[in-house]
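Here is a short briefing on a protein and its ligand. Start with the ligand site, then move on to the domains.

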Amino acid sequence: MMKRKIYVFDTTLRDGEQVPGAKLNLEEKLEVAAQIAKMKVDMMEVGFPSSSQGDFEAVRAISRKIGQDVCIAGLGRAVESDIDTIYESIRDAQDPLIHIVLGSSKVHVSKKLQKTPEQIIDIGASSVRYAKRYLPNVQYSLEDASRSEFEYMWKTIEAVVKAGATIINIPDTVGYAVPEKFGQLIYRINDRLKNLDPNVLLSVHCHNDTGLATANTLAAVRNGADKVECTVNGIGERAGNTSLEEVVMGIRLHEDYYNGYTQIDTKKIYETSRIVSATMGLDIQVNKAITGENAFAHSSGIHQDGLLKSKDVYEIMDPETVGAPPMELVLTARSGKHAFLHVTEKLGFEIEQEHTTEVFERFLALADRKKEVYDNDILALFKDCPNVRSVFDKELWQLEEYQMTATSTLPTASVKLTKGDRELVKSSGGAGVIDALYSAIMDAVGYPIELIEYRINNLSRGKGSLGKVTVQIKYNDKLYQGKAIEQDVMEASALAFINAVNKTVLDVEK
Ligand code: KIV
Ligand code: ZN
């Protein structure tokens, strides 16, 4: 049987941007929209144009600049003035979509909207007819559908489809649904909808209040939904929306089961996730599926050993499929000799056979102190190990000294770095000390590097706690990750950056 296409509708810039503190300015919205478009989503909802002049202008700017290759949707209520404003804001896009939302559950109809059920059906159908005077494509959302009475919901769907709606969206607005029941609901609606008009797309929009948004969305796909609404990193109202990366990869890994596919360029997922997180100031939980820092990191000795024998022992997808840095073996005191030797070999070192146990013991003592051991720690450890020798002709960067001055007028930084026999001293100013520090390091490195993400985490409590810095840099259109742990977060910042730069050296000079 031919696989069906599952349409991906991204609402990061509408439902996602409703998150407190995540509001973006116009320039940031354009940047995020361009990045989301790179993933090849089918449709992109970019705002609620009647909510403010700023939102209107952002939707209009995105429609003009990015809306030539992707369908652009604007959301509004079932009132004429909202629909007028949506149309004005999206009319310059090549494939614009008006999205109307109106409640369908008892509690919404009687308490929020304070109308009779029949009045709501009339308002919904009239608003669709009104929107159709402007555009051929209109999506109608039955807000709080998962808590609505089925036959009333169906009457509404029938009326709005007859009025011209081209997409029917079934939201689990309050995150109340569970997969089996939601799947059955979608099955029943789809059965009738495809008889009523097979060209109308059936869509779902789930929220994550009980952590089931992805499961509910996939259950809907399995039961006939043609389109999924989601956000990057699952951001959105309260506990968030369905995460785009989870649903897309869920379908990708089980295309036969879902008998479907999406057109998402999955290799763009990781970078998009980082850009959304950094511009909106919303951290991604470390264990977040697909895009979390630990999503492809393995720390248990047994797992590391298994992976080194064959990746598929513990890996269901190659991190490269989503554009993430390669699988990471995190060296800790729980790592075995196999993983330790693998990492040292990758850094270009050879330990004399009869001394491996002794060097491994030194590593374990270091790992006990530092929790996680990164490349800079290994390089420092080997500096005074007589039985370890470098076998690469590649030379890695090492930090010898650094100095930073934080002032309100001109923050500056100087670094002394070595690369083999070469020694470089560089200084720079910047918008802040980290900016100055990274400019000085980039100056020494000498090729263009873009900083995509910079993050500090506290690893323990109290004054003497350890700081962990994680950076993502982009070089030659590829992402590289570097991490470091130190008591001094400035030192950790320098080392994390250098660790990432060394990954480019090891990769490029392969
Ligand atoms: O959660 C919801 O019901 C919505 C609609 C606008 C689709 O965001
Ligand atoms: Zn929503």
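Predicted model: local features only at pLDDT ≥ 70, side-chain atom pairs only at ≥ 80, totals over all residues.

**Shell around ligand 1**
- Eleven names make up the list: Arg14, Asp15, Leu75, Val101, Ser141, Glu143, Asn169, Pro171, Thr173, His205 and His207.
- By class, the shell holds three nonpolar, five polar and three charged residues.
- Two strands, β6 (138-143) and β7 (167-172), each supply at least two residues of this shell.

**Polar contacts of ligand 1**
- Threonine 173 has a side-chain N or O atom 2.6 Å from an oxygen atom of ligand 1.
- For arginine 14, the distance from a side-chain N or O atom to an oxygen atom of ligand 1 is 2.9 Å.
- Histidine 207 places a polar side-chain atom 3.0 Å from an oxygen atom of ligand 1.

**Domain 1 and domain 2**
- Seven residues of domain 1 contact eight residues of domain 2.
- Interface size is often given as the accessible area lost when the parts come together.
- Between domain 1 and domain 2, the buried area is about 620 Å².
- Carbon and sulfur atoms give 71% of that buried area.

Definitions and conventions
Residues numbered from 1 in each chain as written. Chains lettered and ligands numbered in written order. Heavy atoms only, no water. Near = heavy atom within 4 Å. Polar contact = N/O pair within 3.5 Å; in protein donor to acceptor, adjacent residues only side chain to side chain. Helix = DSSP H or I, 4+ residues; strand = E, 2+ residues; numbered from the N terminus. Nonpolar A, V, L, I, M, F, W, Y, C, P; charged D, E, K, R; others polar. Contact = heavy atoms within 4.5 Å. Buried area = accessible area lost by both parts, 1.4 Å probe.
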